[in-house]
Amino acid sequence: MTTVYVLNGPNLNLLGQRQPEIYGSTTLADVERDCKTLGVELGLTVDFFQSNHEGAIIDKIHEARLKAKAIVINPAAFTHTSVAILDALNTFDGPVIEVHISNVHKRESFRHHSYVSLRAEGVIAGFGINGYLLALRQVAKLVG
Ligand code: DQA
């Protein structure tokens with residue numbers, strides 16, 4: 001089985017409670033369940049992870065170098081600030097897909113720039129939590 005890491009940045013642990021008018025009412029546990037269910041259908045083992053700490057996400061990306069064929073990442077606010085996460089992703093050999101639940105381009109201008117996009121094969125934004133599932137389908141095409 002091909003392993004894909006699905007990584008989530010700060011505040012996404014509060015998905016479902018946090019600004020539901022923007023991010024919806026689905027919880028991150030629901031997203032994890034849906035990703036794992038689709039993973040089975042696509043022949044992918046999904047390792048799902050969330051942290052509010054930049055260093056923990058970087059450590060997980062380093063782990064992915066040895067264990068994963070692809071990374072799906074919603075870096076949340078670190079998208080717009082973290083050169084360190086970009087540098088970590090640049091040490092990873094496989095495809096990287098960037099996901100945002102909201103359409104960041106319809107929002108404040110500080111959300112329009114992404115460091116992670118400099119590395120990502122593609123970006124999915126604005127399709128709610130379905131973005132994670134679209135990303136996994138693309139991963140299956142790229143490395144499945
Ligand atoms: C987000 C968009 C980011 O700008 C924001 O900081 C988040 C979530 C999204 O999924 O839409 O926390 O990545």
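Guide: Helices and strands here are DSSP runs, numbered from the N terminus. A helix has at least four residues, a strand at least two. The model itself is predicted.

Visitor: Where is histidine 80 found?

Guide: Histidine 80 sits in the loop between E3 and H4.

Visitor: Why is histidine 80 called partly exposed?

Guide: Count its neighbours. Histidine 80 has 16 other C-beta atoms within 10 Å. A buried residue has 20 or more, an exposed one 12 or fewer. The value 16 lies in between, so histidine 80 is partly exposed.

Visitor: What is histidine 80 in contact with, leaving aside its neighbours within four places in sequence?

Guide: Its contacts are Phe110, Arg111, His113 and Ser114. Glutamine 19 is 61 residues apart from histidine 80 along the chain, and their C-alpha atoms are separated by 19 Å.

Visitor: Which residues are around the ligand?

Guide: They are Asn11, Asn74, Ala76, Ala77, Thr79, His100, Ile101, Ser102, Val104 and Arg111. This shell divides into 4 nonpolar, 5 polar and 1 charged.

Visitor: What makes asparagine 74 count as buried?

Guide: Asparagine 74 has 27 C-beta neighbours inside 10 Å. The cut-off is 20 or more, so asparagine 74 counts as buried. It is found in strand E3.

Visitor: What does asparagine 74 touch, not counting residues up to four places away in sequence?

Guide: Asparagine 74 touches Asn8, Gly9, Leu12, Val99 and His100. Glycine 9 is 65 residues apart from it along the chain, yet the two C-alpha atoms are separated by 6.2 Å.

Visitor: Is asparagine 11 buried, exposed or partly exposed, and why?

Guide: Asparagine 11 has 14 C-beta neighbours inside 10 Å. That value is between 12 and 20, so asparagine 11 counts as partly exposed. Its place is in the loop between E1 and helix H1 (20-23).

Visitor: What makes the phi of asparagine 11 worth a look?

Guide: Most residues other than glycine have a negative phi. Asparagine 11 is not a glycine, and its phi is positive, near 75 degrees. Alanine 76 is another such case, with a positive phi of about 50 degrees. Alanine 76 lies in the loop between E3 and H4.

Visitor: Why does alanine 76 count as partly exposed?

Guide: Alanine 76 has 19 C-beta neighbours inside 10 Å. Buried needs 20 or more, so alanine 76 stays partly exposed.

Visitor: Now the core. Which members of the largest nonpolar core touch the most other members?

Guide: Val4, Ile71, Val72, Tyr132 and Leu136 do, out of 35 residues. Among the elements that give two or more residues to this core are strand E1 (2-8), helix H2 (28-42), helix H3 (54-67) and helix H5 (130-143). H5 gives the most, with 5 residues.

Visitor: What does valine 4 touch, not counting residues up to four places away in sequence?

Guide: Its contacts include Leu44, Val46, Val72, Leu136 and Val139.

Visitor: Which residues of H5 are buried?

Guide: They are Gly131, Tyr132, Leu133, Ala135, Leu136 and Val139. They pack against E1, H2, E2, E3, E4 and strand E5 (122-125).

Visitor: Which residues of H2 are buried?

Guide: Val31, Cys35 and Gly39 are.

Visitor: How do you know that they are on the same side of H2?

Guide: They cover an arc of only 75 degrees around the axis, which puts them on the same side. An α-helix has 3.6 residues a turn, so residues three or four places apart point the same way. The buried residues of H2 pack against E1, E2 and H5.

Visitor: What does the face of H2 turned away from its buried side carry?

Guide: That face carries the exposed residues Ala29, Arg33, Thr37, Val40 and Glu41. Glycine 43 follows H2 and has a positive phi, near 75 degrees.

Visitor: Which residues of H3 are buried?

Guide: Ile57, Lys60, Ile61 and Ala64 are buried in H3.

Visitor: Why do you say that the buried residues of H3 line one face?

Guide: Look down the axis of H3. Its buried residues fall within an arc of 105 degrees, so they line one face of the helix. What covers them includes E1, E2, E3 and H4. The face turned away carries the exposed residues Gly55 and Leu66.

Key:
Residues numbered from 1 in each chain as written. Predicted model: local features only at pLDDT ≥ 70, side-chain atom pairs only at ≥ 80, totals over all residues. Near = placed C-beta within 6 Å. Nonpolar A, V, L, I, M, F, W, Y, C, P; charged D, E, K, R; others polar. Core = buried A, V, L, I, M, F, W, Y, C linked by C-beta atoms within 7 Å. Contact = placed C-beta atoms within 7 Å. Arc of directions from axis to C-beta.
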